[in-house]
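Student: I would like to go through this structure with you. Can we take the labels one by one and ask what each rests on?

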Amino acid sequence: MEGLAVENLVVKYGNVTAVRGISFDVKPGMLTTLLGPSGCGKTTTLRCIAGLEKADSGSISYDDTVLSGERQHVPPNKRQFNMVFQSYAIWPHMSVFDNVAYSLRIRKENKETTKEKVRKALGTVGLAQFEDRYGTELSGGQQQRVAVARAIVSSPKLLLFDEPLSNLDASLREQLRIEMVAIQRELGITAVYVTHDQLEAMSMSDEIILMRDGVIEQQGSPSDLYKSP
Ligand code: ADP
């Protein structure tokens, strides 16, 4: 199957079973949201997809290649998945350009290609004029746009969002949500988005996975889940 497949995933921290055998698919180009209250296992699932946590049992595959399994663990940097975090995690004392170029330089991409890709990514997030600014000179919303540019610049197979808007005020949150969905659609990047905010999930998702206590309680399109009885 093309895209992401999570099958019977179980993740434990010592005695705590954070994820109790969940299964779902994310088809290419789709945005799937993991929704649910604090502690239900959303972030653990996302970190496991990223390769930052190991699966205790079950599997995670992409385009039929197993990335996480009982005896298989492809490291995060070999998955071609990029993540956008709640706190911006941009380097404050590096320019916007250098922040976005960082991962390409690590991969020894050539200078001209790097410049081209970084400028394209900054254009996509509306920060073309800001490449020489420093992290410390940016607003919270601008910093989060840099984080999005950094995540898309290397053309990842999958974008992973971990509550990327929860540090922003309400109006900025709505604006950035609209921008992020537009970018995800325009680029056709497959995405998994974690939030505890039902309205956010409803307004942006192709599919919602509603979690509770480490299991999936319901799953479907926003209209499937929230149509009036
Ligand atoms: P959510 O993202 O939905 O808030 P998490 O995936 O962060 O939920 O947490 C799921 C469960 O796993 C919670 O009971 C949490 O306390 C526990 N947990 C998460 N991370 C760790 C950890 N590093 N060590 C121990 N327990 C953890």
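**Ligand contacts and an aromatic pair**

Tutor: Start with Gly41: one of its backbone N or O atoms lies 3.1 Å from an oxygen atom of the ligand. Keep in mind that this is a predicted model.

Student: Which helix gives the most to the shell around the ligand?

Tutor: Helix α1 (residues 42–50), with three residues. By class, the shell has four nonpolar, five polar and one charged residues.

Student: Now the rings. Why is the pair of Trp91 and Tyr102 called tilted?

Tutor: The structure holds three aromatic pairs. In this one, the ring centres are 4.4 Å apart, within the 6.5 Å limit. The planes meet at 45 degrees. Stacked needs under 30 and edge-to-face over 60, so the pair is tilted.

Student: What parts does the pair of Trp91 and Tyr102 tie together?

Tutor: Trp91 lies in the loop between β7 (81–84) and α2 (96–106), and Tyr102 in helix α2, so the pair ties together parts that are 11 residues apart in sequence.

Student: How do you know that Trp91 is partly exposed?

Tutor: Its relative accessible area is 35%. Buried is under 20% and exposed over 50%, so Trp91 is partly exposed. Tyr102, at 33%, is partly exposed.

How values were computed
Residues are numbered from 1 along each chain as its sequence is written. This is a predicted model: local features need pLDDT of at least 70, side-chain atom pairs count only at pLDDT 80 or more; totals for chains, interfaces and linings use all residues. Side-chain values use heavy atoms; hydrogens and water are left out. Rings of Phe, Tyr and Trp (its six-membered ring) pair if their centres lie within 6.5 Å; planes under 30 degrees apart count as stacked, over 60 as edge-to-face and the rest as tilted. Helices (H or I, at least four residues) and strands (E, at least two) are DSSP runs, numbered from the N terminus. Buried means under 20% relative accessible area, exposed over 50%, partly exposed in between (1.4 Å probe, protein chains only). A polar contact is a pair of N or O atoms within 3.5 Å; within protein, one must be able to donate a hydrogen and the other to accept it, and residues adjacent in sequence count only if both atoms are side-chain atoms. Ala, Val, Leu, Ile, Met, Phe, Trp, Tyr, Cys and Pro count as nonpolar, Asp, Glu, Lys and Arg as charged, and the others, Gly among them, as polar.
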